[in-house]
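Here's a quick tour of one structure, written for someone who likes contacts and angles. Have the viewer open and follow along.

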Amino acid sequence: MVDFLDSANLVTMLVVIASSFAAAVLLTRSSSWHLRWSARGHGRNAVQSIHHEPTPRIGGVAIFVGLVVGITLLPRSEDGLAEMLLVSAIPIFIIGLIEDIGNNVTPRMRLLAAFFSGLVFFALSGFWLPRVDLPGVDWMLGFAPLAILFTLFASGGVAHAFNLIDGLNGLAGFTAVVVSLALAAIGWTVGDTLMITLPLLIAAATLGFLLLNYPAGKIFLGDAGAYTLGHLLSWASILLIIRNPEVSPWAVLLIFFWPVMEVLYSIFRRRVKRVAADQPDRMHYHHLVFRSVRAAAKDQKARHRANPVATLLVLPIVALPALLSLYTWDGAVRSGISVFVMAAVYVVLYRALVARFRARSASLAMI
């Protein structure tokens, strides 16, 4: 058993939280200098936005500061993998930050940048996903070029997914923390020190930012933060699978269930409606929960609280699959069945929300 949680490592994680928090405070206190850039494209001009007050969208900077502090303070990781991973995140962080300050980087370009960051880590480490515990697919992954392309597609897709769910105060941040803790818990179970240290470092850097992001929303994660977290966590999970053959990729998919399912179901419903897959809208699960909470509010004060309340209502479906992974991490069949059960639950809940929203809209139209 790995004895990671000693006083020195705990102090380091607290320093990482404090560093990220301090950077977030500095960014919010200096907003009068940069708000004209850091809040561009935010608010009513963005179809998918549910916020109205100009707010800095550069919270990813605070998280990156925390990560750099953590990498500096912690002992050099095994084979320098943690350092390589942070370096590989720089391209997507920069492209995301350019978008955050209002330079209109297209979703396609951001996705390509996520793939490029994955390519950088592959070039530095030489690692790729060797298996998914699915007959036929595993045979295809036996061919290195196909396995590398599949790995880059998976890591880039997860990075994009984290950006997609960044629609409520704290939602993407808390999702990152849940994912990080689940990965660290499995890492602790299998006795992999790096797979404890790396996810906990990501969680600590995210928690510092969350202190100002939730519930008040004084600073937002932004594309730099969302894409960077998705990149780091996806590759941390790939490393967990590579380094520990007993860990099922299906259990790892359970950990990432919420952002992955949001992307897949969004693509599906947009195909059904025959609209572009990258067309923004306000029909994501968290949007529907927010609009339901806001519609039920009886006064202006309650409506202002709808955003953080909606986050709390969404978090159970974020956390439940991750908790299931802790019981199914070494069983492909059990974790695979759990993935499909959670997918069915998601679809039922989503359709119930849509039906409720449409019924309420119809009743209001009759008044």
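## A note on the model

Keep in mind that this is a predicted model.

Isoleucine 98 sits in helix α5. At a relative accessible area of 31%, isoleucine 98 counts as partly exposed, because that label covers values between the 20% and 50% cut-offs.

## A serine tucked away

Now for serine 325, which belongs to helix α16 (residues 306–328). Serine 325 is buried, and its relative accessible area is 0%. A polar atom of its side chain lies 2.5 Å from the backbone oxygen of alanine 322.

Leaving out residues up to four places away in sequence, serine 325 touches Ala182, Ile186, Ala251, Leu254 and Ile255.

## Rings with rings

Searching the whole structure turns up 14 aromatic pairs. In one of them, phenylalanine 122 and tryptophan 128 have ring centres 6.0 Å apart and planes at 55°, so the pair is tilted. Tryptophan 128 is partly exposed, at 30% relative accessible area.

Phenylalanine 162 and phenylalanine 256 pair edge-to-face, with 6.5 Å centre to centre and 80° between the planes. This pair links distant parts of the chain, 94 residues apart: phenylalanine 162 is in helix α8, while phenylalanine 256 is in the loop between α12 and α13.

Notes
Residues are numbered from 1 along each chain as its sequence is written. This is a predicted model: local features need pLDDT of at least 70, side-chain atom pairs count only at pLDDT 80 or more; totals for chains, interfaces and linings use all residues. Side-chain values use heavy atoms; hydrogens and water are left out. Helices (H or I, at least four residues) and strands (E, at least two) are DSSP runs, numbered from the N terminus. Buried means under 20% relative accessible area, exposed over 50%, partly exposed in between (1.4 Å probe, protein chains only). A polar contact is a pair of N or O atoms within 3.5 Å; within protein, one must be able to donate a hydrogen and the other to accept it, and residues adjacent in sequence count only if both atoms are side-chain atoms. Contact means heavy atoms within 4.5 Å. Rings of Phe, Tyr and Trp (its six-membered ring) pair if their centres lie within 6.5 Å; planes under 30 degrees apart count as stacked, over 60 as edge-to-face and the rest as tilted.
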